[in-house]
Amino acid sequence: MSSFDNLPGTVIADFANAALPAARLSHGISRRQWELIAYTTVAGDGTMLCARSHTTPEPVTVDPGLSGWHRIYLCIFAGDRECRLSLRLDGDRAPAYFTQGDVRNGCWSLYEHCEESFWKCADLTGRKLTVGKPAGAAAAMVGLMWLRFEPMSAAEVRFHQADAARRDTRRLHAHSDMEWLSMVHPAGMDDYCSMIEEYAASDVESASVEVFTTLGDFQWVEDELKSGNGDLYDFRMASQVALAGCRKEVYGEYLRRAGEYGIKLYASHRMALSNFTVPYSTGPCSVLPFVGENPQWYCRDRDGEVVGFLSYAFREVREFMIARFMEMIELGFHGAEL
């Protein structure tokens, strides 16, 4: 077996011996355990942690047993387009979520390839890693092939810390459509806030998050969920479904954490999700009470036929939109983005 000699640093590739507890590992397919699969690559051989399609294994921990600052890399086996893997180092404020990069040419199968990626620099002294598969990605297959820890010199650590502390380079504006929530199914506030923590570790100066509905509309979403309305699971309803029951708390924590990092946060509203010239359609992603209860304000074509969109030509629709923007601002956002 090759031993990753060409990769600098410490490589953990045999998860049969590195991941704990052992009760969460299996040498066969299991819905609630990580499957251990031997592999061979040009870089080296090992035993990966694999979560097959429609499995939800419990998180496992990996102890690198290292001290001092290191650059951390991971190699993911992409078994599916929607694969997701979570990593969290002890002391991190939120987990980080990973998926595969661009599919490489020459693969026998489009998604059967592995790819090493840089995660971050961190002091590993006394810290362990938690590896998980997000509940929202249960249908997709994903594998962790290896973790690599490359030691940093004292000069590299000083440069990294000075660079991370800079504020003059923060010039980026980021935008999230919040669809990632459907892939994660957050279990707690830290899961929700992983996005803010990622922005904080970058050159993001301001960010916008899509807020499709008012708080009153969210109550309607919750009621529909309780009634078993399957239409709500249209992928474009991801944020409403994931935020049902805790929307105000999540937005408040977003704003609090963003404020800690000096990031301005804006509430974003896509004018019609799929058509930017009209406010709301009668499609499953926009079936809200205001839309369904007011067909008299729908658009009409040149022949007078009703088109399933609300029209800005009506004062009531304009007032409704302005009221939504004001509610976003009252939540504490710096402004509204269209």
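Which residues does isoleucine 263 touch, not counting residues up to four places away in sequence? They are Tyr199, Ala200, Val204, Glu205, Ser206, Ala207, Ala258 and His334. The model is predicted.

**Isoleucine 263**

- Isoleucine 263 lies in the loop that runs between helix H8 (247-260) and strand S15 (264-268).
- The relative accessible area of isoleucine 263 is 4%, and the residue counts as buried because this value is under 20%.
- Arginine 170 is 93 residues away from isoleucine 263 in sequence, yet the C-alpha to C-alpha separation of the two in space is 9.2 Å.

**Strand S8 and its burial**

- Strand S8 spans residues 85-89.
- Of the 5 residues in S8, 4 are buried, so the strand is mostly covered.

**Pairing of S8 with S9**

- Strand S9 (residues 96-98) runs antiparallel to S8, and 3 bridges join the two.
- Leucine 87 has alanine 96 in S9 as its bridge partner.
- S8 and S9 form a hairpin with 6 residues between the strands.
- In this hairpin, glycine 91 takes a positive phi near 95°.

**Pairing of S8 with S11**

- S8 is also joined to strand S11 (residues 129-132), by 4 bridges and in an antiparallel arrangement.
- Arginine 88 has threonine 130 in S11 as its bridge partner.

Methods
Residues are numbered from 1 along each chain as its sequence is written. This is a predicted model: local features need pLDDT of at least 70, side-chain atom pairs count only at pLDDT 80 or more; totals for chains, interfaces and linings use all residues. Side-chain values use heavy atoms; hydrogens and water are left out. Buried means under 20% relative accessible area, exposed over 50%, partly exposed in between (1.4 Å probe, protein chains only). Contact means heavy atoms within 4.5 Å. Two strands pair if DSSP finds at least two bridges between them.
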